[in-house]
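Subject: Structure handover

Hello,

Here is the structure I promised. Please open it alongside this note and follow along.

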Amino acid sequence: MSDSLRARIEQYYATVPLLFADAEEFGPLRLFVRKEPGAPYYGGPAHAQPTAEGAGSVTTADIARVRARQCELGVPEAFEWLAEAAPALRARIEAVGLPVAERPLLALDPHLPVPPQPLPDGVTIRVLTADDPALPAVLALPRLAFAAEEPAAGAAGHAELSAAAREVIADGTVETTRPTIRAGHKTLIAALASDGTPLAVGHYHPANGTTEIGGVGTLPTARRQGLAAAVTAALATHARDHGVQTVFLAYAEESVARIYRRLGFRPADVTLLIANQPARS
């Protein structure tokens, strides 16, 4: 991977949260604090100025200050950073009792087209608008797709999705997401059944010609139909068509990485590290 690609990824992680959050500085660490209701952000080093020396200067007291502020805000005591940008930070985070998980990154080969992926009969791909009637169910679907630890998660289907959609309406998630879509800060794409039920979803947030594809999940009862690959391909194509040159993503399991590699994603030689980050877990 080129140094320029790594620099673009580092810059992306340093700037994209600022579309939605303010940055509070705690010595060598930074905490992104949401301006409006929404999924909470995290603490970490300043990705835009990665140095081994800076990472080494982080102390237990620095981490404690960030965690205290997170407790004050009522958000998870979460951290996220690029391993290569702060190589000494992992040991310090683990030393205070927060387990660290690895998320290797893959970047789309800029020279390869991303062909549309086949879809089951009756299923269509749609870019959602802020007023799309499917928006509540689309925002709710990841809650079922990523709830693998729950015994009934594998059987979640239309009824469970409808219940989850009512929850995201009630808790304000839908209304706080609409302005983000209207402003072009978030693009949501879904694979929908003929009756309008979302079967797979994903999103991206563009910033300075770079984006990370995230939140790609499939309704448990609709898995193994190639829907995640179809949504990922549609997201990558849409991002490219709207001026994004660098498209990357993170993965947790090798079986998922194989799907992305078939679409043209290649190892970026960068690993994202997360600690107590619910959105990433």
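In which strand does proline 45 lie? Proline 45 is part of strand S3, which covers residues 43–45. Please keep in mind that this is a predicted model.

**Proline 45 and its surroundings**

Proline 45 has a relative accessibility of 14%, so the residue counts as buried, the cut-off being under 20%. Setting aside neighbours within four places in sequence, its contacts are Pro28, Leu29, Glu80, Trp81, Ala86 and Leu89.

S1 (residues 21–26) and S2 (residues 29–34) run antiparallel, joined by 6 bridges. Alanine 23 faces phenylalanine 32 of S2 across this pairing. The hairpin of S1 and S2 has 2 residues between the strands, and there glycine 27 adopts a positive phi near 65°. S2 also runs antiparallel to S3, with 3 bridges between them. Here leucine 31 is paired with glycine 43 of S3. S2 is mostly covered, with 5 of its 6 residues buried.

**Helix H3**

H3 spans residues 60–73. From first C-alpha to last, its 14 residues reach 20 Å, close to the 20 Å expected at 1.5 Å a residue. Which residues of H3 are buried? They are Asp62, Ile63, Val66, Arg69 and Gln70. Viewed down the axis of H3, these buried residues fall within an arc of 125°, so they line one face of the helix. An α-helix has 3.6 residues a turn, so residues three or four places apart point the same way. Thr60 and Glu72 are exposed, on the face of H3 turned away from the buried side.

What do the buried residues of H3 pack against? Their partners are S1, S2, S3, strand S4 (79–82) and helix H4 (89–95). Arginine 69 deserves a look. Its relative accessibility is 19%, and under 20% is buried, so arginine 69 counts as buried. Beyond four places in sequence, arginine 69 contacts Glu24, Phe26 and Leu31. After H3 comes glycine 74, with a positive phi near 75°.

**Helix H6**

H6 runs over residues 158–170. Its 13 residues should span 18 Å at 1.5 Å a residue, and the end C-alpha atoms are 19 Å apart, which agrees. Leu161, Ala164, Ala165 and Val168 are buried in H6. Those four cover an arc of only 110° around the axis, which puts them on the same side of H6. The buried residues pack against H5, helix H7 (173–182) and strand S8 (198–207). Turned away from that side are the exposed residues Ala159, Arg166, Ile169 and Ala170. Glycine 172 follows H6 and has a positive phi, near 90°.

**The nonpolar cores**

In soluble globular proteins, nonpolar side chains tend to be buried together. Which members of the largest nonpolar core touch the most other members? Of its 51 residues, they are Ile213, Val247 and Phe265. Helix H5 (residues 135–145) supplies the largest share of this core, 8 residues. Another core, of 17 residues, lies apart from it, and includes Leu29, Val33, Trp81 and Ala86.

Back to valine 247. Neighbours within four places in sequence aside, valine 247 is in contact with Leu106, Ala107, Leu108, Thr211, Ile213, Ala236, Ala239 and Phe265.

Most residues other than glycine have a negative phi. Two residues are worth checking against that.

- Arginine 224 is not a glycine, yet has a positive phi of about 65°. Arginine 224 sits in the loop between strand S9 (210–218) and helix H8 (227–241). Its relative accessibility is 84%, so arginine 224 counts as exposed.
- Asparagine 276 has a positive phi too, near 55°. Asparagine 276 belongs to the segment after strand S11 (265–275). With a relative accessible area of 39%, asparagine 276 is partly exposed.

Best wishes

Definitions and conventions: Residues numbered from 1 in each chain as written. Predicted model: local features only at pLDDT ≥ 70, side-chain atom pairs only at ≥ 80, totals over all residues. Heavy atoms only, no water. Core = buried A, V, L, I, M, F, W, Y, C linked by side-chain atoms within 4.5 Å. Buried < 20%, exposed > 50% of the residue type's maximum accessible area, 1.4 Å probe, protein only. Contact = heavy atoms within 4.5 Å. Expected span 1.5 Å × (residues − 1). Arc of directions from axis to C-beta. Pairing = 2+ DSSP bridges.
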